Number of protein chains: 2
Amino acid sequence: MTAPFPTGVYCAATTPFNADLSVDQGLFTSHCQRLLDDGCTGIAMLGTTGEANSLSSRERMALLDAVVKSGIAPSKLLPGTGVASIMETVELTKHAVANGVGAVVMLPPFYYKGVSDDGIVDAYTAVIERVADPRLRVVLYHIPQMSAVPISLDVIDRLRKRFPEIVVGIKDSAGEFANMSAIVERFPGFSVLVGADPLMLKLLPLGGAGCITAASNLVSRELATVFNGFNDPAKQAEVAAAQERIVATRNAVSTYVQLPSLKVLLAKRDNNDNWLRVRPPLTGLSASEAAKVRESLSV
Amino acid sequence: MTAPFPTGVYCAATTPFNADLSVDQGLFTSHCQRLLDDGCTGIAMLGTTGEANSLSSRERMALLDAVVKSGIAPSKLLPGTGVASIMETVELTKHAVANGVGAVVMLPPFYYKGVSDDGIVDAYTAVIERVADPRLRVVLYHIPQMSAVPISLDVIDRLRKRFPEIVVGIKDSAGEFANMSAIVERFPGFSVLVGADPLMLKLLPLGGAGCITAASNLVSRELATVFNGFNDPAKQAEVAAAQERIVATRNAVSTYVQLPSLKVLLAKRDNNDNWLRVRPPLTGLSASEAAKVRESLSV
């Protein structure tokens, strides 16, 4: 059994927008560098928290290019590349692999609902076979509250057997601990990355590989402390303090809708309103909601 | 009050695929011509039945170009242009308008769930303002069983008030007659297009504008008979016979999952297996299911 990859604390980096709703690539890139300086293992850019599905394919590729060009090691990047069309997923994935990314985080096609496990396996298979690159590493993305297309343990099993070198992990963002621990137990060596910050500490002792989370935009340092110290008896006080801060941050961004709340706190931290904007169909917080979130946490 | 536009029988044309899953543009184009010859008012290509969200933007635009190039009047086309990213929706919509289409059928952004009416109005507004073309005509697309983003009457009201010349109609594919009739009643002059073939006959006397349906791929002639004769006392026998055939066809394609069943019947009619293929995450019928569907209806 090889060690799971990816392993560590990955930030589901959120995306800042200029006044015309174009991506503020400079602010995003400097945010990524700060996350790495603060102890993140890498950046899971272009996910749900990054509003990737509100960007065009061209914008997604341009943002990845900008991050790589800024000097961040592409091996530390886990960009999201799964969209509704498998053909467009192939294009985004080829572009990411050509850039040398560590892995891609891949949603199943998410327009049609009520699809079968066969259809989900077919979709991943069609993409992997069309990308046809031995460097490809795929992290499956289970987020049924958004995709409405859950990834079952049976789907994982079939894809692992078919592509043992390529299908290396899963981001489990459903928030159900029982599902994450069942995957860890059933698939040794498979990377299970928690999508909810506070749960990482609970899954690591069972064999969890780390996290890809939203609050890490604000508490990457604390998550790194938990990841590095969870099994070190000498570090339990430090770990407990970090976990307390992680939980408080998660609570602060969960008072209202999570993403705009998170952006309010990033805008406060960086004193930069480009963090405040979201793309439709998401909406920003009201002034009073934003004030309450701002006051709820020092950043 | 002006007469609603679009008005009539529009086919939600399904899309055939070659063995490598590329679009069979030639077969699609000849299918569209046949639909018009059979009495369809126009073609609502690139919708849910057309697997549009399983195509890349490039493939969508290429297919529209091919249909226009084949000589079909672009004013008869109502292509779907709504995708998860408003920026990509803008691009697809601009391309459609530049091609002279009658209107576009526009899904709301469908990745994020639980979004507010404000967010949906913001999204349509952002697209319409960015397309910025007085020729644009938008048919909203209410299909919550797939998009998981319903279009409420309040959203219609706000968009109609803001863009009275542009937001001209809605395709209601939810299958709830009460919702369709409520829209007809509340918004005189607004085009309400039924998404379920058998319901057109019921909505027309209340002021419904017609349909955009899947079974019309097989029964466009009968739907045209219903549309043209529903209020003519001399044609009631003819209308009843047509309606009977429409209901039988709808039942035949609803034995199993609708789209692959419909494709089985088109493959039978045209003796062409390119109709059989679906793109993942959809899956074809089993051999025994396909046989049962084939036997259930003469085409």
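Student: How many bridges join strand β6 of chain B to strand β7 of chain B?

Tutor: This is a predicted model. In chain B, β6 covers residues 191-194 and β7 covers residues 210-213, and these strands run parallel. L193(B) stands opposite G210(B) in β7(B). The number of bridges joining β6(B) to β7(B) is two.

Student: Which are the edge strands of the sheet in chain B?

Tutor: The open sheet has seven strands with parallel pairing, in the order β2-β1-β7-β6-β5-β4-β3 (chain B). An edge strand pairs on one side only, and in chain B this applies to β2 (42-43) and β3 (104-106).

Student: What area is buried between chain B and chain A?

Tutor: The contact takes 41 residues from chain B and 42 residues from chain A. Y111(B), Y112(B) and P281(B) supply 25% of the area that chain B buries against chain A, more than any other three residues. Carbon and sulfur atoms give 61% of the buried area, which is about 3,400 Å².

Student: Which residue of chain A meets R58(B) in a salt bridge?

Tutor: Between chain B and chain A the count is two salt bridges. In one of them, the N to O distance is 2.9 Å, and the side chain of R58(B) meets that of E91(A).

Student: Which helix gives the most to the side of chain B that touches chain A?

Tutor: In chain B, α2 (57-69), α3 (86-98), α4 (117-131) and α5 (144-147) each supply at least two residues of that side. With six residues, the helix that gives the most is α4(B).

Notes
Residues numbered from 1 in each chain as written. Chains lettered and ligands numbered in written order. Predicted model: local features only at pLDDT ≥ 70, side-chain atom pairs only at ≥ 80, totals over all residues. Heavy atoms only, no water. Contact = heavy atoms within 4.5 Å. Buried area = accessible area lost by both parts, 1.4 Å probe. Salt bridge = Lys/Arg side-chain N within 4 Å of Asp/Glu carboxyl O. Helix = DSSP H or I, 4+ residues; strand = E, 2+ residues; numbered from the N terminus. Pairing = 2+ DSSP bridges.
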